[in-house]
Amino acid sequence: MSKRVVIDPITRIEGHLRIEVEVDENNVINKAWSSSTLWRGIEVILKGRTPMDVGLIVQRICGVCTYSHYRCGTEAVENALGIQIPLNAKYLRSLMLTSLFMHDHIVHFYHLHGLDWVDVVSALSADPAKAAQIALKYTDKPIAAGEGELRAVQERVKGFVETGKLGPFANAYWGNGTYKFTPEQNLIALSHYLKALEVQRVAAEMLAIFGGKSPHPQSLVVGGVTSVRDMLSPARLQEWKQKHEIVTDFILRAYQADIVMAAEAFGTEPSVLGGVNVKNFMATNDFVLANGEYLFDQGVIMNGDLAGVSDINPDLIAEDVSHAWYNADAPQHPYDGTTIPNYTGFVERDTVYGKLPTLDGDGKYSWVKSPRYQGEPVEVGPLSCLLVSYARGNKVVVDAVNALLARTGLPVEALFTTLGRTAARMLQTVIVAQEGLKTFDALLTNIQSDETTYVKPHIDPSKEYVGHAMMEAPRGMLSHWIRIKNGVIENYQAVVPTTWNAGPVDANGKIGPYEASLIGLKLEDPTKPLEVIRIIHSFDPCMACSVHVMDFKGQALSEFRVSPNGQ
Ligand code: NFE
Ligand code: MG
């Protein structure tokens, strides 16, 4: 007899995600449903507004990757208007992206995903002296992993436990059999969890140096950037570089070391050795290097065929809503995409927790749309980014991937797993941090002979414009699509990384990466589904991004008329 397991909310993510699975008598998952239960609607709000405001509005899609939407929206407008921004602006935008990735990936691994791998209760019984020795196995220069520091961490967390104020460590499935670190390894990772709280602040400050603030930076405008004084100030430049050094140091001595440790400890744990069941991957080129080249390559891999990597054809992207709470007759290309809500509710049924309202898998069941490439579901994210660049023979990526496989002794197939997805994010962070300095040096060279940061845009209200931009956000390929008419936005669609990964089944019965990743997974205890949470967290869900708005009741609060060129 199959049983339904409901997990809602999936915590330690941005936004509202519900996962339901059906397990058979052996507790193996045979069906899965992924749903976002909060509707937003920024794509609707944008209509009729000036394209000059796109960046500032769309970055409110999210509280995490705010800069991604800011840049992508701004660049979609620039693409529509046919604007080429100055080289300095490209470099500064790229350095802001470097800062964002370093911040976002550290926060994800330690604070959002870490406790899926690290059993905090087990860490309390570790021997700190022994743990300090073990830390040396994963890096020559451990950070926050000396005996004294580990003992202090243990005392601090014991203090939480004794007072009953567990804070972020409450309500977990401690003791689950799929936690594989020894008490000493758990203690090392727990120490890095706490250290990462300090380091992520430094990374956020990096973004604020050229972005004005973080989150929601302010220094991008259609036509370029406004961070001119920062770019020309040796003190500000030096400050960015110093912070970059601090964060990179942590990435190499903690994040990288912890993933090597996880590869060893979890290398034979079945629940993390599957989880990549949609074998289509897409990524775009991003991070501008000195010679105008990109750090990562663009491309699409279908059916796991790395030899057959092809260029992305933007015409082949469409969003299906047959099982999402919207109305549309057929899959729509984003230039002509609509966002018409049609909420159909839940269905009551028996679950492992008793009778509950549950997702209607046969009908509509999510506010996330289902993007498709040539009709096929596709995974996006750090794993896809590295696979595409690897398939293209990108030397930096090939060397980094091969070095990690050699270091961990894992075969290349290990990449196509939950563990591989988590390791790919670390490797992408290392590459971005190390290679980002090339962009920094290129900026320094360029400003010696060229201080331009902006070209003035012009919109002719009698003309129609259409444009899009694609970029790599921390969770994967992001694209924004705009039509401009009468000087204002006629249509706007954002096709977001989490939308690609978390969308519901499509009209042809094809399931997306989240749902596919769970099929065949065996749960130790269906009432404590840690294995599901770990796999879903490995994608780094952001439901705020995938659905886009604040509570939207459809009432016009006031009316604004906008003249695009300020006349
Ligand atoms: Ni809200 Fe996002 C990223 C974008 S969504 S975090 O990265 O774009 O998946
Ligand atoms: Mg959208």
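This is a predicted model: local features need pLDDT of at least 70, side-chain atom pairs count only at pLDDT 80 or more; totals for chains, interfaces and linings use all residues.
C65 sits in the loop that runs between α2 (54-58) and α3 (66-81). With a relative accessibility of 3%, C65 counts as buried. An unreviewed UniProt entry lists C65 together with C542 under "binding site". These residues span 478 residues in sequence, yet no two of their C-alpha atoms are more than 9.0 Å apart, so they gather at one spot.

**The two listed cysteines**
- Beyond its neighbours within four places in sequence, C65 is in contact with L100, D104, P474, R475 and C545.
- C542 belongs to the loop between α16 (530-537) and α17 (543-547).
- C542 counts as buried, because its relative accessibility is 1% and the limit for buried is under 20%.
- Setting aside neighbours within four places in sequence, C542 touches E14, C62, R475 and T498.

**Around ligand 1**
- The residues surrounding ligand 1 include C62, C65, H69, R475, C542 and C545.
- By class, this shell has 9 nonpolar, 2 polar and 1 charged residues.
- A polar side-chain atom of T498 lies 2.5 Å from an oxygen atom of ligand 1.
- In the side chain of H69, an N or O atom is 3.2 Å from an oxygen atom of ligand 1.
- P474 takes part through its backbone, where a polar atom is 3.3 Å from an oxygen atom of ligand 1.

**Salt bridges**
- Side chains of opposite charge can pair when their charged atoms come close.
- The structure holds 27 salt bridges.
- One of them joins R93 and E78, with N to O at 2.8 Å.
- This pair links distant parts of the chain, with R93 in helix α4 (residues 87-117) and E78 in helix α3, 15 residues apart.
- R93 counts as buried at 1% relative accessibility, and E78 is buried at 4%.
- Another salt bridge brings together E264 and K137, at 3.0 Å from N to O.
- Here too, distant parts of the chain are linked: E264 is in helix α10 (residues 234-266) and K137 in the loop between α6 (128-135) and α7 (147-163), 127 residues apart.
- E264 is partly exposed, with a relative accessible area of 42%.
- K395 and D399 form a salt bridge whose closest N and O atoms are 2.6 Å apart.
- Both K395 and D399 lie in helix α12 (residues 395-408), 4 residues apart, about one turn of the helix.
- K395 is exposed at 59% relative accessible area, whereas D399 is partly exposed at 38%.
- Salt bridges with shared partners join R71, E75, E78, R93 and D286 into one network.

Note on methods
Residues are numbered from 1 along each chain as its sequence is written. Chains are lettered from A and ligands numbered from 1 in the order in which they are written. Side-chain values use heavy atoms; hydrogens and water are left out. A residue is near a molecule or strand if one of its heavy atoms lies within 4 Å of it. A polar contact is a pair of N or O atoms within 3.5 Å; within protein, one must be able to donate a hydrogen and the other to accept it, and residues adjacent in sequence count only if both atoms are side-chain atoms. Ala, Val, Leu, Ile, Met, Phe, Trp, Tyr, Cys and Pro count as nonpolar, Asp, Glu, Lys and Arg as charged, and the others, Gly among them, as polar. UniProt positions are given in the numbering used here, feature names are shortened, and annotations may be inferred rather than shown by experiment. Helices (H or I, at least four residues) and strands (E, at least two) are DSSP runs, numbered from the N terminus. Buried means under 20% relative accessible area, exposed over 50%, partly exposed in between (1.4 Å probe, protein chains only). Contact means heavy atoms within 4.5 Å. A salt bridge is a side-chain nitrogen of Lys or Arg within 4 Å of a carboxyl oxygen of Asp or Glu.
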